[in-house]
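Please keep the viewer open as you read.

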Amino acid sequence: MARVAEKAGVSVGSLYQYFPNKAAVLFRLQADEWRQTTALTRELLEDTTRPPLARLRALVHTFVQSECDEAAVRVALSDAAPLYRDAPEARVVRASSKATFEAFMHEVLPTTPKPARMLAGDLLMTTLSAVGKSFSERPRTPAEVSTYSEALADMFCAYLETLSAAPSIAVDAGPAQPPPPRRRSTKRR
C-alpha cells in the first residue's frame, strides 16, 4: 500500500480512508478498467459513420495495444481476480459488452442464423482476448503491435466475409465426420 500511496502522491493514511486493503485498491482499478474498456468497445463498434469491418479493425488494434499497455497491471489484477471475478460489477460489464458485440454481429451478419452468428461472435471475442493476453506477455514495439493487430484483423474480417457470403450455415450439424476408411482390394495382381 505504501508504493500505491507514493505513486498517487498521498499518505498511506489517506489511502486507507478510501481503501481498506490491497484487494479493494485492485478491485477499484479493475472496475475502472472494465468501465473504460466497455465504453471504448461501445464507441468503436457503434460508430455507424464507418463500415462495420473498419470498426472491427479499429477494435482489434485498440484492444491489442491496450493489452500491451496494461500487461504489468494485469498481472497484479490477476492475483486478486478470485475476489472480484463474480462481483455484480463484473456481471454488469460482461452483459453490456455482450449486448454491444451481439448487436454488432447482427449488423455484420444480418442473414446468418442466430446460432451461427452467436458462435462467430464468441469465437472472435475469445480469440481476441486470448491472443491479446498471450501477445502482450512480453514487451512489444509499436511496429510489432501494428503488424500483429493488422494480421489478426485481417483474419477476423476474412472469417466474417466468408460467413456473410454463405447462403446458410448449419451450426447444429456437429463435428465433421471423417470419411469412411477405404477398403483394400483383396485381389492379387
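## Salt bridges within helices

A salt bridge here is a side-chain nitrogen of Lys or Arg within 4 Å of a carboxyl oxygen of Asp or Glu. This is a predicted model, in which local features need pLDDT of at least 70, side-chain atom pairs count only at pLDDT 80 or more, and totals for chains, interfaces and linings use all residues. Residues are numbered from 1 along each chain as its sequence is written, and side-chain values use heavy atoms, with hydrogens and water left out.

Across the whole structure, the search turns up 6 salt bridges. One of them joins the side chains of lysine 98 and glutamate 102, at 3.9 Å from N to O. These two residues are about one helical turn from each other, because they sit 4 residues apart in helix 6 (residues 88-108). Helices are DSSP runs of H or I with at least four residues, while strands are runs of E with at least two; both are numbered from the N terminus. Lysine 98 is exposed, with a relative accessible area of 51%, whereas glutamate 102 is partly exposed at 30%. For these words, buried means under 20% relative accessible area, exposed means over 50%, and partly exposed is in between, using a 1.4 Å probe and protein chains only.

Which side chain does aspartate 154 meet in a salt bridge? The partner is arginine 57, at 2.7 Å from N to O. This pair links distant parts of the chain, with aspartate 154 in helix 8 (residues 142-165) and arginine 57 in helix 4 (residues 52-69), 97 residues apart. Aspartate 154 is partly exposed at 38% relative accessibility, and arginine 57 is partly exposed at 24%.

## Aromatic pairs

The whole structure holds 2 aromatic pairs. Phenylalanine 101 and phenylalanine 104 form a tilted one, 5.9 Å centre to centre with 40° between the planes. Rings of Phe, Tyr and Trp (its six-membered ring) pair if their centres lie within 6.5 Å; planes under 30 degrees apart count as stacked, over 60 as edge-to-face, and the rest as tilted. Since they are 3 residues apart in helix 6, phenylalanine 101 and phenylalanine 104 are separated by about one helical turn. Both phenylalanine 101 and phenylalanine 104 are buried.

Phenylalanine 135 and tyrosine 148 form a stacked pair, with 4.0 Å between centres and 15° between planes. Phenylalanine 135 lies in helix 7 (residues 114-135) and tyrosine 148 in helix 8, so this pair ties together parts that are 13 residues apart in sequence. Phenylalanine 135 is buried at 4% relative accessible area, whereas tyrosine 148 is partly exposed at 35%.

## Threonine 38

Back in helix 3 (residues 22-45), have a look at threonine 38. Is threonine 38 buried or exposed? Threonine 38 is buried, as its relative accessible area is 8%. Setting aside neighbours within four places in sequence, threonine 38 is in contact with Val93, Ser96 and Ser97, where contact means heavy atoms within 4.5 Å.
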